[in-house]
Every structure is written in structure tokens, then in C-alpha cells.
Amino acid sequence: MMPSDEKAVAEDTNMPDLSKHNNWMSKCLTPAIYSKLKDRKTPSGYTLDKCIQTGVDNPGHPFIMTVGLVAGDEESYSTFSELFDPVISRHNGYAPDAKHNTDLDASKLRGGNFDENFVLSSRVRTGRSLRGLALPPWCTRGERRTVEKLAVEALSKLGDELKGKYYPLSKMTEAEQDQLIQDHFLFDKPVSPLLTSAGMARDWPDARGIWHNDAKNFLVWVNEEDHLRLISMETGGNMKAVFERFCKGVQEVETILKQQGCSYMWNEHLGYILTCPSNLGTGLRGGVHVKLPLLSNDKRFNSILESLRLQKRGTGGVDTASSDGTFDISNLDRLGSSEVEQVQCVVDGVELLVQMEKKLMANEEIDSLIPPAK
Amino acid sequence: MPLNLSLMKILPAAAVAVGGASAYMKFGPDVEARLPPTRKLPYPPSADFPDLTHHHNVMKNHLTPAVYAKLRDRVTPNGITLDQCIQTGVDNPGHPFIKIVGLVAGDEESYETFKELFYPVIKERHNGYDPETQIHPIDLDPSKIKGGHLDEKYVLSSRVRTGRAIRGIPHPPMCSRAERREVERVVTEALQGLPSDLAGKYFSLKNMTDKEQDQLIEDHFLFDKPVSPLLTSSGMARDWPDGRGIFHNDKKNFLVWINEEDHSRIISMEKGGNMKSVFERFCRGINDVEKLIEQKGWEFQKSDNLGYILTCPSNIGNGLRCGVHVKLPKLSQDSRFNDILEKLRLQKRGTGGVDTAAVGGTFDISNLDRLGKSEVELVQQVIDGVSLMVDMEKKLEKKQSIQHLIPK
């Protein structure tokens, strides 16, 4: 670029002031990229400014490196690729020409039955978006209601162990609400400014709801952060069963939706397309609540997790801390590896962590168990 | 690209020459960016009509499916839609005690483009004022005020505030960063030209030092990022604290907020009961600022029937809240207190703000009305009303009757 072009580009009057910011968007959005993208729109009219609003309004978070960027529709990822690609690459370590692999064959999982003296619960979740409809930050009320209608229609056709019922948030009775809270199923209107700044809480609780099967171990959230969040969970350590049910449920819903003429947003580079770039690929978070009071006090805990490609959270959710040595441990990666690979990573990693905890309880050393840094 | 940028540099000068009304032409791309979504499948208005069954706000009372169908696809010249204006009312069903408006104007033109909704909302909120037929009176001549020196044994402080918006630039809920920065530039430039006792300094929120911040907090001048969902749902907290700031004169009795809920909020205040002096300074300050921006080709947003135009329909007209902090421990315990206030067209609040309760019998008393009465009329009403209530308080202290003082 000519020096005069550089100077002119740096003076764009609408460029956000990111001097106090620390998120992936602020690290990647240069004045040159901003000027290039600021007048582009996706076919549905979504703009760069709307993508980055959450990152502009939320300079950073003390516990987590936030992405600071959302997609308003499927085309956001390509229309604004000059910004999304570097963010995805830096957050995920993913090359621009890489292909993402989808594998929902649960029979490939080895092991997955944890020691229930340590592992209290097991859970696998993912997200899915319905192609052709804008995502939660940008959808109109009409589109959001269409997502709900299509999802509920599909879910109503599930049978056997997956047969269940839909509870729309706006029509829930008090008794239903209390039960859902007791089951830890009910999701609230987002209050985190990371989410509200992106516009995904608009019109709450219109067209939001929760579906779950009669056995209460397969659950679908409609129109929360994504069009659909599909969750398989149970108390105890049988991750194998959780993952089997997960794969069955996710694939059956997809089959039924295809019969209805719908498909998921997906491409071979980014895998499943979701609102937040951190959820691209499998959109999968497989995790456990596990008691590791001794190991978590060991100064090597964080680096062990890093080597195992695992992430810790408090049991209250993504931005909480643990208070009693019980942690939520889940996979770090979503993009560039398959569902089977990611859940295997959790299974193997948690097995190892529990082994280490047992050794520490017996006052034995764990040096020989520590994995090499990746 | 270079061609567009050099055009951007020429246009401001052209805007100056032609006058404020064309100033918005230089924000072309921002208008484009605000346009409503386009969808592959057509959605009839009924598909998008909000569910307002649990709502209690003024917007809900007037947004019928028929009105929504008529207005949904209209767009103001700045690219603003009805859905953007009503978002705050859809997201905030209401408060059981306080009747909120539930609607904001994204720009000056929203009031007319969506008048099928805005006009009935205004009529309900402003006591039957009819924007179709009525003219709003403006009077910023403080010499017309009679009296205005309130008894300082009772009146602790006096304050007058209003808001002003710069013509051609959308309001805080919908403005772009560039537009917000332009408002900051236009207003601070004008404020720098204020003479004598009004002269002062501007503190931008994002460049403030810790020391300056502490001082402004101590003076009770600093405003915070809005947290109320009534405000954040409308979009007015975006990009905080960019383009926001506070100006005050050296004497600390004339204050301007920039880009908070409105483009500008202008406040004159002082301890004690000299409302005459507070209003005199208020008028002088506003009139000076208006002249200074006009010299550069800008204007305030204003119309014959709506008066001064602001973000919230509750503030149009004069946007004026004239009030005192006054000690009325005995009168406030009297069962006739609320009725007296009603008859005097006054409103009580706690001294902590609009939704606080009074402590120790000290109240914030201010005018109820905004649209349909001039500034002079309203300030006179507050002065006369507060004087009367102080007289009543004195009588009650001496255990004398106040019956003959109560307005009919």
C-alpha cells in the first residue's frame, strides 16, 4: 500500500477505538481491514459493525480471552473473511485451507466409563443452525419463530428413548418452570453483556423454549445463543452412554429436518456454522463435573490441562470459578478434529486426571503420569 | 477508495456553506448500514408483530397489528425503522407502578415517519397534547420570571435541565461511531466559545485522568454507562465510552453532558433557593450555545408542533425539568400532599433520583408537564408552587390551618 493510502485508511472516522481492548477481534482488526470491510453487507444486510459490536462494547474479561465477534448469518464468515479468518486462525490455530472432519459414530469411542467416586456427571452439547435463516444476533421475530416452528415439528417426531415434549418460555406454567429449574434445564434470559451487546436477547422470551425427552437425559434449547443447542447428559460417569445418545439424537433430528426440507449450516472448511466463531467445527463441548481437590492445588494443574487440550471451568458455567475442588472439565478444541476425536480426548484426559488424583490421595508422586506438553 | 475519502473531506465544508440540514449527507454509508434486513422469503407484518400480551407501556397501548403492518417497512431518510424504535418497549414489558413510554426516536424524522404510533403515544404521555393541531410555545426569556428567590431554610438546592439534539444526526440509540464523534466535536467546539461565567472545560470520558474522574464524582457531575435495560435495549450504550463527556464551567454551576441519553443535556444548578439566577444562567447558556452552533451551519432539532426534539417522547417540547430539593417534613405527612402536588402540576421524587423514595422529609419537587407549556411558564409554576408549599409547611409548624391555601 502507498504511504498516503495507509494514512487515509487510518483516519476512517467510524473505526472503533480499541486501545484498551484485549479480545481476538481487537487483535485482528486493523484500520486497513476495517476500511475495506465497512461498507460491505451480507445478502441479508448484516454489516461488519454489527459483527464486532460485542467486542467493541466489552474490552475484555478477567478469566477468559473472548472472541469479540459474532456472525449474524451464514454468509458473515465469507463476506467478512478478512477479519473472521485471522480470528479463527488465532483462536483455533486453524489454517485457511484446512478441511474439518465430522464423525458422529459413537461406536468408535474407547472406554468412557468413569469412576463415579470422582466423576459426578457427564455431558455432551453442540449447536446447530438452520440454513437460510439469520442467526440470533440478527434474526427478525418472524425468522426466530420459524426456527422454533421447524425445530418443534422435527422434535415431535422423535420416538423411543428420545420421545419428549416442548416447553415454550413464554407459555410455561409456574409448575413447569419450577420443575425445569429443579432439573437444571431452564435457561435464563442472557445477562452477560458479551451476549446482550450482540443483540441475541432481543424480544425475550418470544420463540425461545426447551424441549426434553421423558427420560430427561436429552435436551434441546431453542433460540438461546444459537438456533439449536442439543445436549445429552446424565449424573454419574457413563460418558459412553451419553455420547451414544448424543450422536443418535443429533443425527435423527437432522434426518427429520431434511425430510422437512431443512438443512444445517455447514461447510467443509468450517464445519457446523454457529453464532460464535469459538463454536465452529463440531460445536461440541464434552465435559464432566469431577472432584479433583488435591490435583487442582498442584501447581502443575493448568499446564497438565493445557497438554491434555482440556479446559477447566467452575461448575456454575463458563465464567465462574471453582470453590470446592469440583471442576467442569471439557475439551478446548472444536475446529479441526471430529466429534469422536474430541470426546475421546475428554475420556482419556479425565481418566488420567482421576488416576493422578488417586495417586495424590495415596501420597504417591505423579511425575511419571504427566503428559508431555503439546 | 482515495476518491471517496477526499470527497469526505470536501463535504463538511459544503455542509457548512449550505447549512445544517444537509450535514447528514456526509454520512451516506452509515445510512446504508442501518437499513433493515432483507430476507429470502417474504414475511408478512403479522409474522413479525411483537407479542405484547404481558406488556404495560405506552407503546403497547397504541401499537396495534394494523399500525405495525402499515409502518413496518417504512424507513426514515437516515435508514431507521420502526422495529428499532420499539425494541426497548418490546424487551421491557414494564413496571407495575411506573408507566414507561417503551419507544425511542432513532432520529428526528422518526416522529413523522412513524407518526401513526408516535403521535398517539405523545398524546397519552403528555396529557392529551395533540401534535396534529397544537403549536408548542418556546420562551427562554428569564426576565419574565416573577420572584424566584425561595426560602433557603427549606429549599436546599435549585436546578434546571433540558436536552438538545443536533439536526441531521441520528440519536444515541442509532447513531454510528462517526456520527457520535461528530456530535461531540460540534458541541464541544461551541462550548469552548462560551463567555465569562459560562467558560469552562470539557472532560471526555475515555481520556479522563483518575484525578479528574475522582473530582467529577465528588462534584456529583460524572454520569455512568447506563445499566438500566430500558436504556441499553435501545442501543444507546454502544461503543461506551467513545464520544461521551462532560463539560462544566469553572464555577461548577453550568454543566453539559454529551452523548448520554441525548446528544446533549444542559444543566444549570446551585445550592440554595435562587431559582431566578439558575434559570437566568440556563437561558443564557442555551441561547449562547445555539448561536455558536448556528455560526458553523448547524441547528438544534426542533419543530412547531413538537418543540425541541429528543430521543425519548417523554422529553420533547422543552425537555425541561425544573426542580428543587426542599424540606417538607410536615406537609409530606399530610393526607392532602399528593392532591396538592397534582393541582400544582408538580411531581415528587426522592433526592436519589426518579425511582427513589424521600428520606427525612426532603423531596425533589419538579414540574410534571413538558409539552404544551413554555420554559418560562413551567419555571414560574415550580417557583409559585414551591413557595406555596413552603408557606404551608410554615403554617403547619405553627399548628395553623392550611385549608385556605390549598389550590382549587
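A: In this predicted model, the side chains of A:R131 and A:E74 meet in a salt bridge, with N to O at 2.6 Å. The pair links distant parts of chain A, 57 residues apart. A:R131 sits in the loop between β1 (119–128) and α7 (141–155). A:E74 sits in the loop between α4 (48–57) and α5 (76–79). A:R131 has 39% relative accessibility, so A:R131 counts as partly exposed. A:E74 has 16% and counts as buried, because the cut-off for buried is under 20%.

The side chains of B:E189 and B:K296 form a salt bridge, N to O 2.5 Å. B:E189 lies in helix α9 (residues 177–192) of chain B. B:K296 lies in the loop between α12 (275–295) and β6 (302–303) of chain B. The pair therefore ties together parts that are 107 residues apart in sequence. B:E189 is partly exposed, at 31% relative accessibility. B:K296 is partly exposed too, with a relative accessible area of 42%.

Back in chain A, A:E306 forms a salt bridge with A:R309. Their closest N and O atoms are 3.1 Å apart. A:E306 has a relative accessible area of 46% and is partly exposed. A:R309 is partly exposed as well, at 25%.

Salt bridges can also join into a network. One such network links A:D17, B:R181, B:K206 and B:D242. Its members come from chain A and chain B. Over all chains, the structure holds 60 salt bridges. Side chains of opposite charge can pair when their charged atoms come close.

Now the cysteines. The structure holds 0 disulfides over all chains. A:C28 is in no disulfide. The nearest cysteine sulfur to that of A:C28 belongs to A:C276, 13 Å away. A disulfide needs two cysteine sulfur atoms within 2.5 Å. A:C28 is buried, at 6% relative accessibility. For A:C247, the closest cysteine sulfur is in A:C345. That sulfur is 16 Å from the sulfur of A:C247, too far for a bond. A:C247 counts as buried, at 2% relative accessibility.

To sum up, A:R131 and A:E74 link distant parts of chain A. B:E189 and B:K296 tie together parts of chain B. The network of A:D17, B:R181, B:K206 and B:D242 is made of salt bridges.

How values were computed. Residues numbered from 1 in each chain as written. Chains lettered and ligands numbered in written order. Predicted model: local features only at pLDDT ≥ 70, side-chain atom pairs only at ≥ 80, totals over all residues. Heavy atoms only, no water. Salt bridge = Lys/Arg side-chain N within 4 Å of Asp/Glu carboxyl O. Helix = DSSP H or I, 4+ residues; strand = E, 2+ residues; numbered from the N terminus. Buried < 20%, exposed > 50% of the residue type's maximum accessible area, 1.4 Å probe, protein only.
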